[in-house]
Amino acid sequence: VTSVANAGSRPVYPGEMRWFPPLLLLLGACASEDAPFRPSPEAVQKHVADLAPAVTKSADGLKLTSLAGGGVYVDTEGRMQAAMVARRDASGKLVIECVDSTAAAESFFRAEPTAKGATE
Amino acid sequence: VTRAAWVLAALLVPTIAAADVEVIIVNGDAAGVGMNDPTAVAPVGGNPGTTLGQQRFNALQRAADLWGQTLDSEVPIRIRATWAARSCDATSAVLASCGSNGFLRDFGGGIGMLENTWYARALADRLAGADLDPAGDADMVATFNINIGKDDCLENAHWYYGFDHEEGDSGVDVVGTAMHEFGHGLGFLSTVDAATGSLLSGFPDAYARFLFDIQTNKAWTAMSNAERMASAIRPRRVVFTGQNAVAAAQTTLVTPIPRLRVTAPGSVDGNYEVVEGTLSTTVAASGVKTANLQVANDNLFVPRTGDMTAAEAANASATDGCGTNKASMTGKIAIVDRGLCSFSYKVQNAQDSGAIAVIVVNNVAGSPSVMVPATFTPPFTTTIPAVMVSQADGTALKNAAASGTVSVVLELEPGVTAGADALHRPFVNTPSVLAPGSSVSHWDPTAIPNLLMEPNATGDETDSVDMTLPAFRDIGWYGDGDLDGLPDPSDNCPLAANPEQFDGDADGDGDACDNCPVVPNGDQANADGDSVGDACDNDDDNDTIADSGDNCPTDANPDQADGDGDGVGDACELDDDEDGIPDADDNCPETANPTQEDSDGDGDGDACDEDSDGDKIPDATDNCPTMANVDQDDRDDDGLGDPCDSKNDSGGCAIAPSGSSSSGLLWLMLLSIGALLGRRR
């Protein structure tokens with residue numbers, strides 16, 4: 001992800017107009033009628049990167065511990081989680097979905113979502 | 001505000017009925033932020049907190065309490081929660097995540113523990129009756145995005161901290177979100193790596209042990225990694241087999257689902273899977289539709305505001321259903337392609353042309369999608385049912401319809417309900433790779449009603465844990481549901497404490513829960529739903545007529561009506577096609593035809609008669625299927641046989657159907673007129 005530092009704590013991504021977010025939203029809607037609220041590829045990458053350590057099911061590197069009283073314990077080290085993600089659909093409506101893999105998250109952010117269905 | 005202050009506030013939160021297990025939210029936030037944020041706020045939706053921090057904590061504790069009152073464990077469950085920055089931009093965000101801090105297997109757990117099986121920590125503790133965590137850390141971890149609603153973080157949205165699930169269009173329900181995510185941390189989650197199909201360290205988890213692929217007839221535990229990967233993206237082919245979940249599905253998932261049955265031609269006949277949307281009415285509400293298919297033939301599509309761009313409209317096809325239809329579809333079932341415009345337009349256009357139902361052909365591989373209404377104007381007035389078929393099925397049907405008549409019945413699939421298979425096993429979510437969505441650790445989104453552990457937040461969340469509770473019972477929660485010391489799988493009354501296990505009639509059901517303890521009745525059949533099983537009930541249907549003299553002993557019919565006098569009451573006459581005509585008297589017992597039309601009088605109703613007029617020409621190829629015309633004459637060559645053609649166009653004259661008593665006279669008149677005109681010249 002290409003980013004440039006700014007005065008705030010959060011990076012600004014190319015094309016963003018941080019100084020007036022409502023205008024950005026409006027311009028975004030005018031510029032791309034078919035998907036006014038679709039996250040940019042950079043945003044999707046950022047979301048997936050944030051989610052990846054939590055939702056991965058990979059056991060690579062996880063340590064198995066034998067318990068004193070018998071049995072085996074594996075510390076997931078923050079993995080094997082599920083995550084709730086949100087975005088707006090083409091009409092601007094909030095759509096929320098739970099994902100438990102980066103593939104599912106990427107699919108949610110890239111495709112046109114709806115609340116439990118498709119409009120077209 | 002001090003930590004002690006918000007702890008005190010939390011104690012003032014209205015409590016839920018005594019919990020069976022204490023679920024503790026461990027505040028992992030630093031001073032002054034997250035659940036320690038001192039910003040003053042007004043109480044909302046039953047959450048009495050007066051600071052932002054208090055409300056955040058209270059909302060999470062509310063979700064924890066809701067789970068706590070439904071689960072049983074002697075070991076408290078601790079969830080370490082934090083409110084922190086997560087990835088977001090102006091229109092999308094990561095809201096929250098949650099999971100178990102670890103998994104355990106073969107820990108010497110008590111009742112209900114399966115060997116060689118991973119259990120989420122909280123569940124393992126419950127089975128062992130002790131905290132097994134070697135490090136003494138929390139059982140689960142949860143993180144919530146603290147920036148939602150701020151600039152560049154899902155702007156114009158906000159977390160809703162009320163307990164009443166009244167978050168509105170711009171709110172995100174914290175309690176509902178936390179209930180769902182905590183559900184995963186408690187064990188509603190498979191640890192199978194979707195990317196490789198591999199099991200965690202070679203062992204299945206308690207959840208995956210109940211996953212079964214109905215297409216390959218294989219349990220997930222018996223599959224290779226490659227087989228699991230393939231199964232995970234096979235929509236509505238993977239079910240959860242736990243007996244408690246299956247039993248619950250029979251009373252929870254009761255909405256019938258439609259199917260498309262093609263009756264002719266033979267090249268495409270059979271049953272087709274369809275998925276119903278919420279565009280207009282349902283097949284259940286509108287009744288069985290029997291008709292021929294009509295492929296859309298559109299006029300030029302004119303894009304409407306909010307729908308498509310002009311550039312996209314240029315890609316319109318004649319079969320996408322987006323433009324108005326060139327010809328009438330009266331009495332037909334329209335078949336249109338998915339794409340270009342919203343489903344609402346397709347259905348509206350077909351309805352305006354007279355169609356009685358619409359079949360939308362998916363434009364991507366995989367299973368059909370659930371169609372929902374367009375969210376923009378104009379208002380639609382659709383009243384006909386609409387379903388989607390897969391791309392492969394739809395293409396076959398369109399091709400057949402293009403070369404002849406395709407007769408179909410849009411009806412309800414007997415015995416099958418939304419969200420479960422024919423054996424009432426609930427589907428888990430296995431979206432095709434092309435569809436957005438999460439994986440098997442959710443119920444399938446076709447379930448009706450909406451369920452807590454579906455992947456989509458539907459805005460109608462409640463405090464209920466619905467189908468998840470019986471599934472939890474299956475994976476080990478409530479290993480001894482009635483706490484009588486016997487594990488549920490070997491308890492002859494798992495929901496009624498009976499440590500002595502008395503079973504007087506030796507039918508496998510303990511006396512404490514047997515609806516007929518003196519007569520063996522393993523099926524516990526109880527037609528009238530009273531407290532007495534049929535085997536002991538001399539009036540099984542409670543209609544005041546004793547079974548011995550009841551002409552319909554399991555269907556209430558106090559009037560004993562028996563229209564055909566066959567000794568079997570009308571109320572229990574078989575009527576497979578539900579057209580009101582008992583099968584014994586129905587000339588088409590499997591195809592709804594309440595009018596019983598039988599053009600050729602051969603005893604087979606037209607609706608199921610492949611040669612309705614008895615002229616030896618099958619309907620599929622007969623140019624006049626309802627009137628005998630062995631010669632297949634078609635004077636104007638318009639494809640419609642003369643007997644059916646009230647207006648032959650070739651001569652511009654009305655031609656009486658051949659075989660009609662007036663045909664000879666008509667021809668004589670025409671010849672006379674011709675001769676007269678000839679003379680005048």
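Q: Which residue in β18(B) is the bridge partner of B:Val361?
A: Strands of a sheet pair through backbone hydrogen bonds, either parallel or antiparallel. In this predicted model, B:Val361 has B:Val389 of β18(B) as its bridge partner. Strand β17 (residues 357-361) of chain B and β18(B) run parallel and are joined by four bridges. Two strands count as paired if DSSP finds at least two bridges between them. Strands are DSSP runs of E with at least two residues, helices are runs of H or I with at least four, and both are numbered from the N terminus.

Q: How should I read the residue numbers, chain letters and limits of the model?
A: Residues are numbered from 1 along each chain as its sequence is written, and chains are lettered from A and ligands numbered from 1 in the order in which they are written. The model is predicted, local features need pLDDT of at least 70, side-chain atom pairs count only at pLDDT 80 or more, and totals for chains, interfaces and linings use all residues, while side-chain values use heavy atoms, with hydrogens and water left out.

Q: How does strand β14 of chain B run relative to β18(B), parallel or antiparallel?
A: Strand β14 (residues 275-276) of chain B and β18(B) run antiparallel, with two bridges between them. B:Val275 has B:Met388 as its bridge partner in β18(B).

Q: Which way do the residues of β18(B) point, and are they buried or exposed?
A: Buried means under 20% relative accessible area, exposed means over 50%, and partly exposed is in between (1.4 Å probe, protein chains only). From strand β18 (residues 386-389) of chain B, B:Ala386 and B:Met388 point one way and B:Val387 and B:Val389 the other, and all are buried.

Q: In what order do the eight strands of the open sheet in chain B stand?
A: The order is β13-β12-β19-β15-β16-β17-β18-β14 (chain B), and the pairing is mixed. At the edges are β13 (270-273) and β14 of chain B, each of which pairs on one side only. Within this sheet, strand β16 (residues 333-337) of chain B pairs with β17(B) in the parallel sense over five bridges. There, B:Ala334 is opposite B:Val358 in β17(B).

Q: Which three strands form an open sheet with antiparallel pairing?
A: They stand in the order β10-β9-β11 (chain B). Strands β10 (218-219) and β11 (238-240) of chain B are at the edges with a single partner strand each, so one side of each has no neighbour in the sheet. Strand β9 (residues 211-213) of chain B pairs with β10(B) over two bridges in the antiparallel sense, and B:Phe212 is opposite B:Ala219 in β10(B).

Q: What is the phi of B:Asn217, and where is this residue?
A: B:Asn217 is not a glycine, yet its phi is positive, at about 55 degrees. B:Asn217 is in the loop between β9 and β10 of chain B, and B:Asn217 is exposed at 58% relative accessibility.

Q: Where do B:Arg86 and A:Asp50 lie?
A: B:Arg86 is in the loop between β2 (77-84) and β3 (92-100) of chain B and A:Asp50 is in helix α2 (residues 41-55) of chain A, so the pair joins two chains. Their closest N and O atoms are 3.1 Å apart in a salt bridge. B:Arg86 is buried, with a relative accessible area of 11%, whereas A:Asp50 is partly exposed at 23%.

Q: Which residue forms a salt bridge with B:Glu273?
A: The partner is B:Arg236, with the closest N and O atoms 3.4 Å apart. B:Glu273 lies in strand β13 of chain B and B:Arg236 in the loop between α5 (225-231) and β11 of chain B, so the pair ties together parts 37 residues apart in sequence. Salt bridges that share partners join B:Arg236, B:Arg237, B:Glu273 and B:Asp444 into one network.

Definitions and conventions
Salt bridge = Lys/Arg side-chain N within 4 Å of Asp/Glu carboxyl O.
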